[in-house]
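Please work through the exercises below with the sequence and the coordinates at hand, and try each task before reading its solution.

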Amino acid sequence: MSTTREGDEHNHESQEARLQRIESSNIAGIELMLSKLVDSLAHNQRQMLETQAQSQQHLLELLTTNFNKGLEEVLRQQNKALANSNGEKKVKADEKKQKTTENAAVPYIMEEYEDLFYAAYYGEWEDAKKYFEAHPDSIKKAITSESETALHVAVKFTEWDFVKEIVKFVSRDVLEIKEKSGLTALHMAAALGNVEAAQSMVKKNRKLIKLRDNDGNIPLETAISNVSDGQNKAVEYLYTETLKYYPSLFSGPQGAKLLCCAIEASFFDVAISIVEQFPDLAMEKIEKREMYVLESIVCRPFSFLSGTKLSWWQRFVYSLIRVDMRSPYDKLDSEEDKENPSENQESTIRDEENLLEISEGLIIRDEDNHLESSQVPIRDEENPLDSLDGQIGNEENENDETESDKLSVVSSVVSSIKSSASNKGMLKKFISGHIMPFYTKVPLVKRLYSEKLMHKQAVILVQKMLEQIDENTTTITEVIDFLNKTCVVDTAIKYGITEFIVECLSIFPFAGDETMIQIAIAERNEKILNLILETSEDQKDDLLSKIDENGNSILHYVAKIAPSYQLNSVSGAVLQMQRETQWYKGIESMVHPILKHTRNANGDTAQFVFIEEHKKLVATGEKWMKETSGSCMVVATLIATVAFAAAFTVPGGNISDPDNPRNGVPIFLTKNTFAMFALADAVALFSSITSVIMFLAIMSSRYAEEDFLKSLPQKLIIGLANLFLSMASILVAFGAAFTLVLRHRYSWAPIPIAVFGFISVFLFASLEFPLFLEMVRLTYWPRVLKAKNRRPIFSEKEVRRTFKQNSIKRKAKKDN
């Protein structure tokens, strides 16, 4: 037992010892781990502090370095600016040079003159001056492949300060150097519209004005042909200088070329001044173009009001605009005014009149002042009072009145202006004088102002040129030959330039021959035809009875179909055929009946030619008329059906009490709205039925040429008018019925009904009414020929004598 106990004690002691060893080892491990952890944390903290210290040191060094660099740069720039004021410019120029080297074509710049080129390109005059001083010959040398000098380059790239300095620096002959296209520096400055540069060059070398480029253009022509901001001022300066020092440039074919250039660029004020100074140009042929100046005007129909398309409201605004006809070139006539003191007296009178108008508060620019100073009478239908002034001036010249009489005439004109408030056009004149001047800044009004100014100046130019032709010719034959040689009359009639024909016939009344009538008829220009017949009243019978070499009378010409652009001026084949028939019947009513049966060389009468020429148009008109009538008839039938049914299904119903004496009577019979419904429904029914009848009549009508004159258009007008009335009436009937039914529940119901009904009527009217109104106007108020030109009194004896003379002429011409 003792042995067992000792063994147990021994085991117990050994376990305790083992536990103590384990515990001591664990404590030692923990202490080791803690020591390592403390060491690690201390190490990390030291590294972090060292890194932070390094970062702060690096940042401090960086800030110090940048500050020192910035300070050094500032000091260096200051020292550089003090040492050389142009240093900064040089740096910038080098930078620009480096940037533009990629864009500049390398062959364009001569390598040896590269520095000079960039100095002129960037306007660095000091650098260029130093280069010129070091290389004196370089000032005349071509520094580009286009043979441009430094002056050309500076002008080309608009370095105007550089241009000003180099012009002072160089000699006179340097300014005459031309580049590859023959352009001098003055040509280039004129094209860019810089007046100051042009003035500096001309002041140093006046010969530059007459130098021509490879196309034969002087600087004035270059300025006129190139659009720029300062174009007007450049043209004014160069024209004044050219006229002053080299007037010979305006004579001969070269002068005609310059005048044509001004006309084509719409510088009509310059052209007017040129014609006034050099009247012989009116009959001069343009160099290298084989045409006359007068032809260049006629080939520009948009320069005249008759060749400009304006809407009705644009025409109204156009009529209210009053343009200032004063020109900067009027001062060039001062020497002539000194020689004509009577004209100076007239100008003084006009100045007093203008002062009087201004004192009365009229903000008006008298557009006829310029016309009077130019001795050109203008008939201004838009401003009759201004025209009165011109007419009085003509009467003064014809009657040789004294200056005191002229003063009394002017005072009477002024008094008539004062009393114009009682005239019928008072409102229009008030708007034109007081309101329109403030609206000329509006883009649209400004454009119309420019157009009207151009139109007025173009008419003045035509007047002056025709007057010069009249003065330069001695016989009627010379005038006729010149007009026929230039073909200006034929071209004017073709383009419909009424103003040109008016002025031509007013100066040359004998110019209205059978050829003009034939062209006017072929072009369907009723205004010109009426004008020719009015101005040749004594010879009208002879003109209308002449026959050409092919045996065609005037009726044969009108029998031919009109050009497509004239046909398309009227909408629809029916109206086109109606207009053609009106022309034929109108001319037929003017000529003697014997011409109706006259045959041409092919054996055809005018009626036969008319039928053959218009076959296709008649077929197209018939197709259009039947298709339109069929569609409208369907609509009219539907309206008639609805209107008939509505008459027996009235809104609200009828009284259905057999014991009531009012049995079957509509319930709303006593209401005014019901009366409106009944009336509108009845109108819709009867008008729609009438419309159906008219469209049926059109479907079964004959479609001969004469039927298009009145028969078919009248039926279509009646049918469309009744259709429109039925549509409006059925909408009114619907609105009245709707109001009767819903007025107790929705009192606002009539408002949307009225709005939507108005929209429907408005859409139909805006789409169909223009055609309807045009059809009514062309049918009942045709403006093809004036009544006084119709049915002239003919002597059959005279007609036969004329035919005999014409046949003898044709036979003689054929034998020759």
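Two exercises with worked solutions follow. The model is predicted, so that local features need pLDDT of at least 70 and side-chain atom pairs count only at pLDDT 80 or more, while totals for chains, interfaces and linings use all residues. Residues are numbered from 1 along each chain as its sequence is written, and side-chain values use heavy atoms, with hydrogens and water left out.

**Exercise 1.** Determine how helix 23 and helix 25 pack, giving the angle and the distance between their axes.

Solution. Helix 23 covers residues 488-495 and helix 25 covers residues 514-522, helices being DSSP runs (H or I, at least four residues) numbered from the N terminus. Their axes, which are lines fitted to C-alpha atoms over the stretch in contact, are 9 Å apart at an angle of about 25 degrees. The two helices are therefore roughly parallel, a label for angles under 35 degrees. In contact terms (heavy atoms within 4.5 Å), Val 489, Asp 490 and Ile 493 of helix 23 meet Thr 515, Met 516, Ile 519 and Ala 520 of helix 25. These contact residues divide into 5 nonpolar, 1 polar and 1 charged.

**Exercise 2.** Is Ser 553 buried or exposed, and which residues does Ser 553 touch?

Solution. Ser 553 is found in the loop between helix 27 (540-544) and helix 28 (554-559). With a relative accessible area of 1%, Ser 553 is buried (under 20% relative accessible area, exposed being over 50%, with a 1.4 Å probe and protein chains only). Leaving aside residues up to four places away in sequence, Ser 553 touches Lys 546, Ile 547 and Leu 595.

Methods
Axes are lines fitted to C-alpha atoms, for helices over the stretch in contact, and angles run from 0 to 180 degrees between N-to-C directions. Angles under 35 degrees count as roughly parallel, over 145 as roughly antiparallel, 65 to 115 as roughly perpendicular and the rest as oblique. Ala, Val, Leu, Ile, Met, Phe, Trp, Tyr, Cys and Pro count as nonpolar, Asp, Glu, Lys and Arg as charged, and the others, Gly among them, as polar.
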